[in-house]
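Hi,

Here is the structure I promised to pass on. Have a look at it first, and then read on for my notes.

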Amino acid sequence: MIRKSIFIFALIILTKSLLAQHNDFAILSKDVTNFWEAIDNLKFSRDTSATFQKLVIDRATDEFKIFIKKWNIKASDYTFQIKRYPKFYETLRENTYKLINSQDSIREVVKRFQKLYPNFKQADICIAIGNFNTGGNIEIEGNRNLVYIGLEYHGLDTNTIINELSISTQDYVSRSNFYRTIVHELVHVQQYTHGKKVVKALSGDFLANRILKEGIPDFVSQLIVNHGNNGNYFNYGLKNENNLKIKIKQELWNKGSGDWFGGNVNLFVNHPRDLGYFMGAQIARSYYNVNNLQLMDLTNIIEIKSLKKFIIDSKYFE
């Protein structure tokens with residue numbers, strides 16, 4: 001009886017330990033404070049690039065260094081951006097501090113995702129300010145998963161002045177949504193850590209591959225974080241969905257991305273960039289509703305095996 005009790009007690013401890021590991025992840029935000037410290041030190045420095053090199057790049061966390069290398073982030077780029085967009089950075093600062101101090105909210109959002117997806121794979125979250133290299137990205141290294149969030153894209157609020165930015169960048173930051181971007185990138189982590197079939201289904205050369213690879217994370221992020229900016233592409237998509245549906249149905253099995261992704265300035269004359277995100281999300285939303293997944297979980301959406309079957313089963317184009 002005593003041995004049985006000891007065994008049960010040990011099993012409980014082990015289970016708690018495994019659950020703690022499953023839920024535990026790091027939120028790394030020191031690179032944001034390093035950036036603003038560099039800004040404050042510019043008043044004492046004659047060499048702006050040297051200041052950014054010393055205080056941002058040389059002192060970067062190991063996690064941010066991965067993305068510095070990946071996106072070739074340079075001190076001279078910081079110098080260029082600061083001089084080019086002074087009002088933008090001046091009005092960006094306050095909200096970035098609010099976001100990096102909202103760790104309870106970040107953990108709550110991740111917890112919501114875990115509840116809807118039993119096969120959830122955790123990732124550490126690195127928050128930094130880059131040179132408009134990427135708003136969000138992931139890196140898979142062995143057993144460690146890493147999500148990167150760039151606050152120059154996803155740290156804005158209504159007080160941030162954006163009219164200094166290029167037209168394409170203004171269009172992109174219209175979707176600035178810190179928490180939703182975290183979920184979006186976490187979905188990419190799940191896509192890449194759940195077997196070769198998922199990666200194969202989403203990584204082909206057809207437009208259908210691209211819109212679902214990005215659209216599914218967009219839908220899941222909207223499902224879990226139902227507040228904040230939607231972006232020009234989302235608002236335009238809702239208003240013009242029927243016409244967009246007819247057009248994209250004809251192009252789904254074309255090679256390449258067509259006009260559905262990218263930042264070509266000519267595209268902004270008629271519509272926002274990245275409408276492929278919206279259309280992919282709407283296909284995923286239709287699949288979710290048609291298959292009554294409100295009563296189930298997100299496994300069949302995230303662990304997609306057959307692109308054509310998923311689109312047919314969504315009944316989006318019927």
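A word on terms before the tour: helices (H or I, at least four residues) and strands (E, at least two) are DSSP runs, numbered from the N terminus. Counted that way, the protein chain has 17 helices and four strands. Please keep in mind that this is a predicted model.

Some overall numbers to start with. Of the 318 residues in the protein chain, 51% are buried. The chain exposes about 16,200 Å², and carbon and sulfur atoms supply 51% of that area. If you take the contacts between residues at least 6 apart in sequence, 71% of them join residues at least 24 apart.

Now the inside. In soluble globular proteins, nonpolar side chains tend to be buried together. Here, the largest nonpolar core has 94 residues, and Phe64, Phe113 and Leu212 are those with the most contacts inside it. Helix α15 (residues 275-290) gives this core its largest share, nine residues.

Next, helix α2. It has twelve residues and reaches 16 Å from its first C-alpha to its last, close to the 16 Å expected at 1.5 Å a residue. Which of its residues are buried? They are Asp31, Val32, Asn34, Phe35, Trp36 and Ala38. The cover over the buried residues of α2 includes α3 (48-57), α4 (62-71), α5, α6 (86-100), β2 (124-128) and α8 (151-154).

The structure holds 22 aromatic pairs. In one of them, Phe35 and Tyr78 are tilted, at 5.7 Å centre to centre with 50° between the planes. This pair links distant parts of the chain, with Phe35 in helix α2 (residues 30-41) and Tyr78 in helix α5 (residues 75-84), 43 residues apart. Both Phe35 and Tyr78 are buried. They also belong to one aromatic cluster, whose members include Trp36, Phe52, Tyr85, Phe88 and Tyr172.

The charged end of Lys245 sits over the ring of Tyr316, 4.2 Å from its centre. For Lys255, the charged end is over the ring of Phe206, and the distance to the ring centre is 5.5 Å.

Apart from neighbours within four places in sequence, Glu241 is in contact with Phe278, Gln282 and Tyr316. Between Glu241 and Gln282 there are 9.2 Å from C-alpha to C-alpha, and they are 41 residues apart in sequence. Is Glu241 buried or exposed? It counts as buried because its relative accessible area is 17%, and the cut-off for buried is under 20%.

Last stop: His188, which lies in helix α10 (residues 178-192). This one is also buried, because its relative accessibility is 6%. Not counting residues up to four places away in sequence, His188 touches Ile138, Lys213, Glu214 and Pro217. Along the chain, His188 and Ile302 are 114 residues apart, yet their C-alpha atoms are separated by 8.9 Å.

That's the tour, so over to you.

Cheers

Technical notes: Residues numbered from 1 in each chain as written. Predicted model: local features only at pLDDT ≥ 70, side-chain atom pairs only at ≥ 80, totals over all residues. Heavy atoms only, no water. Phe/Tyr/Trp six-rings, centres within 6.5 Å; stacked < 30°, edge-to-face > 60°. Buried < 20%, exposed > 50% of the residue type's maximum accessible area, 1.4 Å probe, protein only. Lys NZ or Arg CZ within 6 Å of the ring centre and 35° of its normal. Expected span 1.5 Å × (residues − 1). Contact = heavy atoms within 4.5 Å. Areas by Shrake-Rupley, 256 points an atom, 1.4 Å probe, with all protein chains shown as cover. Core = buried A, V, L, I, M, F, W, Y, C linked by side-chain atoms within 4.5 Å.
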